[in-house]
Amino acid sequence: MKVSIYRYNPETDREPTMKEYEVDTQGKDLMVLDILALVKEQDESMSYRRSCREGVCGSDGMNMNGKNGLACITPLSQVAPGVLEGKKPLILRPLPGLPVIRDLVVDMGMFYNQYEKVQPFLQNSTPAPAIERLQTPEDRAKLDGLYECILCACCSTSCPSFWWNPDKFLGPAALLQSYRFLADSRDTATEERLSKLDDPFSLFRCHGIMNCVSVCPKGLNPTRAIGHIRSMLLERGI
Amino acid sequence: MSIRTITFDAIVVGGGGAGMRASLQMAQSGFKTALISKVFPTRSHTVSAQGGITCAIASADPNDDWRWHMYDTVKGSDYIGDQDAIEYMCNVGPEAVFELDHMGLPFSRTEEGRIYQRPFGGQSKNFGEGGQAARTCAAADRTGHALLHTLYQQNLKNGTQFYNEWYAAELVKDADGNVCGVIAIDIESGETVFFKAKATVFATGGSGRIYASTTNALINTGDGVGMALRAGLPVQDIEMWQFHPTGIAGAGVLVTEGCRGEGGYLINKDGERFMERYAPNAKDLASRDVVARSMMMEILDGRGAGPNGDHVFLKLDHLGEEVLHSRLPGICELAITFAQTDPVKEPIPVVPTCHYMMGGIPTNVHGQAIKLSGGHEGEDQFVNGLFAVGEVACVSVHGANRLGGNSLLDLVVFGRAAGLFIEDQLRQGMTQYEPSDSDIEQALSRVRRWDESSGGESVSALRKELQSVMQNHFGVFRKGDLMAEGVAKLADLRERISKAHLDDKSKPFNTARIEALELDNLLEVAEATAIAAEGRTESRGAHSRYDYPDRDDENWLCHSIFDPTAKKLGKREVNFKPKTVDTFQPKARTY
């Protein structure tokens with residue numbers, strides 16, 4: 001099958017190019033990450049990130065035939081119709097909207113900055129008990145669908161609002177984490193957290209486009225989390 | 001000196017659970033601490049841990065006792081775990097786990113609001129007399145992910161200085177062998193830098209990628225063990241490799257022991273629950289080495305499933321959709337993705353798969369690296385400036401076989417312990433050893449070798465060959481002649497790898513260069529494993545030999561110590577002197 005990969009090495013290339021490779025899959029429905037490994041055997045200069053190869057570390061977010069996802073848990077059959085059969089090429093590009101360091105490797109700095117801005121750590125002003133802080137199963141269930149984020153950036157880099165204001169709009173991933181702490185019964189910094197979000201950009205640049213939901217490889221729903229934060233801000237305003 | 005120097009009080013190499021727990025401890029106390037990680041920390045392999053962290057927090061059972069946990073761990077280790085270290089881990093464990101909750105780790109909960117605990121293999125109440133215990137604290141089946149993200153968040157909060165996507169390539173020592181820091185490469189720019197520190201903490205994780213089939217992440221290439229061995233430092237019990245009973249057949253992806261903890265069980269091709277024959281009491285929750293061997297016997301006796309009869313099944317459907325989706329949601333995802341199997345409806349094809357390195361750099365409970373003492377009994381001698389924690393270390397709490405859930409506990413307890421100890425040393429005034437220019441040149445030589453290579457075999461082909469040698473010659477069952485052959489093949493590979501070729505010499509984000517440097521480390525770990533495995537002439541824990549089928553306490557109730565300079569295997573005493581409880585004496589190990 002044909003694989004077309006975005007190539008750019010700042011040391012030698014004036015501009016990026018798409019390079020074609022021929023890979024023998026023996027008809028198997030391999031994961032996109034397996035294809036990248038086969039390409040790297042042919043051409044070791046092609047760079048990409050990878051680690052766990054099972055969809056939990058978030059290293060290999062990339063754009064596959066136009067859609068963001070994790071290479072390691074995306075089989076060829078799910079990339080686009082015709083790719084597995086070799087009727088269409090597999091087209092791999094770096095995540096959109098972030099500066100490219102080299103090939104499929106993007107500079108995640110802006111993405112991590114926004115994550116850090118939401119103070120993604122538990123804050124509790126009361127002294128810790130000698131055992132764990134008790135939490136009911138119902139309260140704990142409020143964290144499901146939030147804490148599982150793997151920081152792969154598939155969502156934020158598919159979000160037009162983030163493309164436009166990556167420095168001022170926090171983006172779906174950071175906002176999901178913001179809500180993960182707002183929703184935690186053990187966290188007492190709700191007021192400070194909300195006041196930091198109460199400006200025209202940080203949260204309110206979300207226009208509910210929902211690209212984040214459609215690409216999240218973990219099936220999470222940042223738009224819903226953003227909606228919850230909006231409600232909390234509104235209630236606080238009343 | 002030709003390269004830039006960056007100076008810290010302490011550097012931690014590796015951003016997994018152990019490294020980030022150590023760096024957190026030191027950063028909280030205001031010491032200038034750097035964490036060097038070849039991946040962004042939340043991409044570290046701790047993220048893949050599923051089932052939980054075993055600890056006697058007395059939630060599932062209010063009468064639970066850390067001493068029972070200690071008994072299980074000593075027995076699980078097949079009696080070569082150090083009892084002082086196991087005592088420390090099990091005793092301090094609850095405090096370390098409660099701290100994780102206070103940091104925000106989203107543990108699953110009981111109706112009482114306490115941390116949820118599930119049964120895991122090798123667990124008992126009342127020193128093996130009270131039946132199965134439920135002692136593994138869990139965040140659904142994503143405990144490692146929850147733990148790793150929590151620790152990263154706390155390090156952010158406390159101002160740890162991260163060098164993410166920096167690759168530590170070599171230890172820097174002075175002429176007397178004192179550790180001064182490491183040489184590291186900024187992967188993004190390609191710059192090589194000397195990190196100078198009073199304390200260097202290795203938290204580089206495991207090396208499962210020496211095997212062709214492994215549950216380990218692609219980054220688990222034994223960088224810390226490789227650096228230590230090249231520096232002439234010994235490794236301990238490195239022949240002890242855990243094969244996890246339930247890796248997804250073909251893919252190698254881990255399926256947590258928590259599945260069996262929740263009531264799942266293994267069946268052969270005839271649908272028989274075969275563990276009842278091998279471990280009549282504990283059955284599917286026997287220790288991992290026991291279950292892995294039983295599965296291999298089923299397969300070798302022709303009761304394996306599939307067209308090649310090369311796997312068995314993990315049956316979960318009887319647990320019901322609700323339990324599976326609430327307690328094991330990650331497993332359901334993985335099984336569908338990697339085995340095209342929905343565990344709600346059908347069993348998952350599984351096979352024992354390389355999972356964990358019990359051996360590593362020998363340390364005491366403070367993480368201080370122990371050096372060869374010349375084979376004499378007596379007090380341990382330490383490598384000044386070097387510490388090791390987590391999977392790269394052999395403290396040793398796992399001995400010849402690690403219990404499920406003890407790895408995450410090991411990470412936080414000993415990451416924390418090393419941090420506490422170094423803090424104290426720094427307060428008292430720790431020496432900064434100064435390397436000469438030639439010491440630094442020496443440490444740079446390996447990086448230079450690859451950068452100057454002009455022909456030879458490719459890294460990817462050699463890596464594949466190495467992995468297949470380890471898979472075929474040093475697997476679940478081992479045999480002297482087959483291992484001797486393997487050792488010879490590795491000697492040949494050493495020769496060829498020393499002449500291998502890096503084609504891409506570019507600087508920015510050159511992952512080919514990193515993979516080449518990792519190959520050197522894979523080779524060091526593989527060779528040490530091979531020589532140690534051939535040298536330990538008995539069967540104990542995960543090390544199981546056809547030609548020496550029995551445990552030999554007379555000769556081998558001891559650690560093995562591999563000396564990389566002589567390429568010889570020596571022995572080191574196991575600690576049988578816990579401080580607050582009576583010694584657990586070796587006895588026959590049945591489940």
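**Figure 1. Lining of the largest cavity in the predicted model.** By class, 17 nonpolar, 24 polar and six charged residues form the lining of the largest cavity. This cavity has a volume of about 690 Å³. Its lining comprises 47 residues, and those nearest the centre are B:His45, B:Thr46, B:Gly205, B:Asn220 and B:Glu391. At least two lining residues come from each of the following elements of chain B: α1 (17-28), β2 (33-37), β7 (166-173), α5 (223-230), β14 (348-357) and α11 (406-428). In total, the model has ten cavities of 30 Å³ or more.

**Figure 2. The second largest cavity, with a volume of about 360 Å³.** A total of 28 residues line this cavity, and A:Tyr48, A:Arg49, A:Arg50, B:Val39 and B:Phe509 are the closest to its centre. Strands β3 (61-64) and β7 (105-106) of chain A and helix α15 of chain B each supply at least two residues of the lining. The most is given by α15(B), with four residues. The lining of the second largest cavity divides into 15 nonpolar, four polar and nine charged residues.

**Figure 3. Packing of helices α13 and α15 of chain B.** Helix α13(B) spans residues 459-473 and helix α15(B) spans residues 511-535; their axes lie 10 Å apart at an angle of about 20 degrees. The two helices are therefore roughly parallel to each other, since angles under 35 degrees count as such. Their crossing is left-handed. From α13(B), the contact involves B:Val459, B:Leu462, B:Arg463, B:Leu466 and B:Met470. From α15(B), the contributors are B:Glu515, B:Ala516, B:Leu519, B:Leu522, B:Leu523, B:Ala526 and B:Thr529. Nine of the contact residues are nonpolar, one is polar and two are charged.

Terms used:
Residues are numbered from 1 along each chain as its sequence is written. Chains are lettered from A and ligands numbered from 1 in the order in which they are written. This is a predicted model: local features need pLDDT of at least 70, side-chain atom pairs count only at pLDDT 80 or more; totals for chains, interfaces and linings use all residues. Side-chain values use heavy atoms; hydrogens and water are left out. Axes are lines fitted to C-alpha atoms, for helices over the stretch in contact, and angles run from 0 to 180 degrees between N-to-C directions. Angles under 35 degrees count as roughly parallel, over 145 as roughly antiparallel, 65 to 115 as roughly perpendicular and the rest as oblique. A crossing is left-handed if the near helix is turned anticlockwise from the far one by less than a right angle, and right-handed if clockwise. Contact means heavy atoms within 4.5 Å. Ala, Val, Leu, Ile, Met, Phe, Trp, Tyr, Cys and Pro count as nonpolar, Asp, Glu, Lys and Arg as charged, and the others, Gly among them, as polar. On a 1 Å grid over the protein atoms alone, a cavity is a set of points where a 1.4 Å probe fits but cannot get out, and a pocket is an open set with protein on both sides within 12 Å along at least five of seven lines; lining residues have an atom within 4 Å of a point. Grid points are joined across faces, edges and corners, and a volume is the space filled by probe spheres set on the points.
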